[in-house]
Amino acid sequence: MAHLISIVGPTGAGKSAMALQVAQRLGCPIVSADSVQIYRGLDIGSGKVTAEERGNVPHFMLDVVDPDERFNAGEFARQCEALLQELFLSYPVVVMAGGTGLYFQAVWDGLDEMPEVSEEIRAALNAALIADGLPALQAELAAADPETWAVIDRNNPARIIRALEVYRATGLPISMYRKGGKREPNPWLDIKIGLEWPREVLYARIETRIDQMIADGLLDETEAIAGKYGWDCPALGSLGYREMVGYHNGEFDWLEALRLLKRNTRRYAKRQLTWFRKYEDLPWFQADATVAVLDHIDAQLRRLN
């Protein structure tokens with residue numbers, strides 16, 4: 001029987017490092033479940049694994065689309081499920097690692113079909129963003145769909161607009177369509193692993209990680225993407241890049257850009273934990289407890305085989 005080992009947790013927890021250790025131990029590939037790493041060229045800000053690391057372990061679902069393309073959880077599920085079916089022909093175990101909760105839900109449970117949204121609604125929301133700013137749309141979403149508001153990336157205009165599109169089109173919150181629509185069980189068995197740190201440790205790791213991203217050239221990477229695809233391309237609405245865009249556009253100075261980036265990342269990590277903690281079958285481990293994680297996986301593989 002095939003087994004999918006999912007390693008989840010907040011940004012900065014060390015999911016990629018743990019996935020590499022597990023994959024090397026089991027001799028299996030890694031599938032990324034990250035809504036920013038899916039984009040080509042967004043390497044520094046997404047914490048994408050290096051070419052050297054990819055050389056040691058095969059990685060998939062990285063660099064799938066260009067930064068000016070839109071990509072959603074439904075498309076991820078479609079491509080990822082086809083990929084897993086292919087990988088399981090050669091590997092009895094596959095590791096999937098990342099922090100995008102909706103991507104994991106799409107693979108674990110499926111997603112209900114999203115309703116059609118007219119171009120008029122989409123255009124009206126984009127016009128409102130320009131005329132009234134993001135806070136007005138944020139307030140509308142918070143009132144219309146508190147469940148989505150609790151976990152969404154609140155400073156990502158594309159995510160806010162997508163949620164409001166569904167609400168304006170149907171009168172129902174998008175969370176009503178995200179209850180899981182898979183009609184048949186997956187043809188593999190799931191082993192789930194959650195990684196965490198004490199809050200003060202996690203926040204310190206986030207600070208260090210962002211400082212390293214800046215030193216590695218996050219602003220230069222953002223400018224290179226914008227130079228090729230435009231400053232308004234979808235990918236640059238992602239956490240880390242949008243703060244660099246704001247600095248470029250003169251919305252705030254450099255020190256404020258760094259403050260916002262660190263604050264927004266901490267808030268995002270908190271929302272990630274909220275999302276994943278709703279899964280009762282997801283055990284949590286301190287992220288440096290490698291032996292405990294490997295022992296748990298070995299025990300689950302023995303039990304499920």
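**Entry 1: ground rules**

I noted that the model is predicted, that local features need pLDDT of at least 70, that side-chain atom pairs count only at pLDDT 80 or more, and that totals for chains, interfaces and linings use all residues. Residues are numbered from 1 along each chain as its sequence is written, and side-chain values use heavy atoms, with hydrogens and water left out.

**Entry 2: salt bridges**

I looked up how many salt bridges the structure holds. The count is 19, where a salt bridge is a side-chain nitrogen of Lys or Arg within 4 Å of a carboxyl oxygen of Asp or Glu. Side chains of opposite charge can pair when their charged atoms come close.

I took Glu75 and Arg78 to begin with; their side chains meet at 2.5 Å, N to O. Both sit in helix α3 (residues 73-87), three residues apart, which puts about one helical turn between them. Helices here are DSSP runs (H or I, at least four residues), strands are runs of E of at least two, and both are numbered from the N terminus. An α-helix has 3.6 residues a turn, so residues three or four places apart point the same way.

For accessibility I used these cut-offs: buried is under 20% relative accessible area, exposed is over 50%, and partly exposed is in between (1.4 Å probe, protein chains only). Glu75 is partly exposed at 24%, and Arg78 is exposed at 52%.

Next I looked up Asp153 and Arg242, which form a salt bridge at 2.8 Å, N to O. This pair links distant parts of the chain, 89 residues apart: Asp153 is in the loop between α7 (146-149) and α8 (157-170), and Arg242 is in helix α11 (residues 241-248). Asp153 is buried at 8%, and Arg242 is buried at 13%.

I also checked Arg277 and Glu196, whose side chains meet at 2.7 Å, N to O. Arg277 is partly exposed at 44%, and Glu196 is partly exposed at 23%.

I found a network of salt bridges as well; it links Asp43, Lys48, Arg54 and Asp63.

**Entry 3: positive phi**

Most residues other than glycine have a negative phi. I noted Met61, with a positive phi near 65°, and Asp63, with a positive phi near 55°. Met61 lies in the loop between β3 (59-60) and α3, and Asp63 lies in the loop between β3 and α3. Is Met61 buried or exposed? Met61 is buried, at 8%. Asp63, a member of the network above, is partly exposed at 25%.

**Entry 4: helix α12**

I read off 23 residues for α12 and a reach of 33 Å from first C-alpha to last, close to the 33 Å expected at 1.5 Å a residue. The expected span is 1.5 Å times one less than the number of residues.

**Entry 5: a pocket lining**

Which residues line the second largest pocket? I listed Gln138, Arg154, Asn155, Arg263, Arg267, Lys270 and Arg271. A pocket is an open set of points on a 1 Å grid over the protein atoms alone, where a 1.4 Å probe fits, with protein on both sides within 12 Å along at least five of seven lines; lining residues have an atom within 4 Å of a point. The largest share of this lining, four residues, comes from α12.
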